[in-house]
Amino acid sequence: MPRIENDIKLDFKDVLLRPKRSTLKSRSEVDLMRSFTFRNSKGSYTGIPIIAANMDTVGTFEMALALHQFSLFTTVHKHYTVDDWVEFAAKHPECVEVPRLFSFYSVPTFVRLKQNRESKLCVFQAGNVVTGEMVEELILAGADIIKVGIGPGSVCTTRKKTGVGYPQLSAVIECADAAHGLGGHIISDGGCTCPGDVSKAFGAGADFVMLGGMLAGHLESSGEIIEKNGKKYKLFYGMSSDTAMKKHAGGVAEYRASEGKTVEVPYKGPVGETIRDILGGVRSTCTYVGAGKLKELSRRTTFIRVTQQLNTVFGNDS
């Protein structure tokens, strides 16, 4: 029999972080670097744990080079050829060191994960899931990092096409609790529209935050610049969209539906300024709640439910 869970589940738009007493004198004092040692592979990572999504308009070699300058990393999309990789790795070995690039698996992956664990291969990531029990299952099957999020992305239509999903803030809170109880880690994947959302994801317990739409439309994003009425745009699309499947698989298979859309994103120039804005916002969050380090943010976070995020009398921009 179907059943209804009556507990309210929340998204980033439903909360704000409560400011707390702080002894920090400047945002420059905040340390955003994190170091992790992974449960199953015993691999390690050090850097600012914000990730460019493995979408072919975002997860490019050019994005990897730009983000590496800020100690961020990029999950490069899977459609480059072996020759492309060899050439890139030869020129930029600093950007392809393990575990900078993670192996991505889809669920269900239990057999493959167990085989990989037995063969002692390197860092593993699995997803996407939104429940604590699936997080636990995947970690126990050999995954180090679980990607959390079904349907929150700006060009994802999974919720519309399938009716399946989970509000991202609650998903992160619940999945982080499950993962951390077993010594695992999670990525919050999707739903961030502004630097404040990135802070909320970290505050909710995410170890890493993955960004797609916020990094779309930049110089380092793939695709040609489109000019319309004197303005410049770049295409951005979900990897389950008609556009992506026609490009990489010849079209949408008869047995499935497209679960992504294609949009024209205003051209934003080099990604560096956007990254500085995001990192500056997260540092400010830490200052407001008294967290001297990013790793302290979740322990200093109290969310308050709200009915309004912003004063929009002059619009939602900026």
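Hello everyone, and thanks for coming. Before we start, residues are numbered from 1 along each chain as its sequence is written, and side-chain values use heavy atoms, with hydrogens and water left out. Since the model is predicted, local features need pLDDT of at least 70 and side-chain atom pairs count only at pLDDT 80 or more, while totals for chains, interfaces and linings use all residues.

UniProt, in an unreviewed entry, places a "binding site" feature at several positions, including Ser 26, Arg 27, Tyr 255, Ser 284 and Cys 286. UniProt positions are in the numbering used here, feature names are shortened, and annotations may be inferred rather than shown by experiment.

Where do we find Ser 26? Ser 26 lies in the loop between strand S1 (15–17) and strand S2 (34–37). A word on those labels: helices (H or I, at least four residues) and strands (E, at least two) are DSSP runs, numbered from the N terminus. Ser 26 is partly exposed, at 29% relative accessibility. Here buried means under 20% relative accessible area, exposed means over 50%, and partly exposed is in between, using a 1.4 Å probe and protein chains only. The side chain of Ser 26 also makes a polar contact of 2.8 Å with that of Ser 28. By polar contact I mean a pair of N or O atoms within 3.5 Å; within protein, one must be able to donate a hydrogen and the other to accept it, and residues adjacent in sequence count only if both atoms are side-chain atoms.

Now, Ser 284 belongs to helix H9 (residues 272–289) and is buried, with a relative accessible area of 15%. Its side chain joins that of Arg 27 in a polar contact of 2.4 Å. Is Tyr 255 buried or exposed? Tyr 255 counts as exposed because its relative accessibility is 73%, and its place is the loop between helix H8 (242–249) and strand S13 (262–266). Cys 286, by contrast, is buried at 0%.

On to the core. A nonpolar core is a set of buried Ala, Val, Leu, Ile, Met, Phe, Trp, Tyr and Cys residues joined through side-chain atoms within 4.5 Å. The largest one has 68 residues, and among the members touching the most others are Ile 50, Ile 146 and Phe 208. Helix H6 (residues 168–181) gives this core its largest share, seven residues. There is also a second, separate core of six residues, with Phe 61 and Tyr 80 among them.

Finally, salt bridges. How many does the structure hold? There are seven, each being a side-chain nitrogen of Lys or Arg within 4 Å of a carboxyl oxygen of Asp or Glu. One of them pairs Glu 264 with Lys 228, at 2.9 Å from N to O. This pair links distant parts of the chain, with Glu 264 in strand S13 and Lys 228 in strand S11 (residues 226–228), 36 residues apart. Glu 264 is partly exposed at 34%, and so is Lys 228 at 39%. Another bridge joins Asp 14 to Lys 13, with the closest N and O atoms 3.0 Å apart; Asp 14 counts as buried at 18%, whereas Lys 13 is exposed at 57%.

That's my tour, and I'm happy to take questions.
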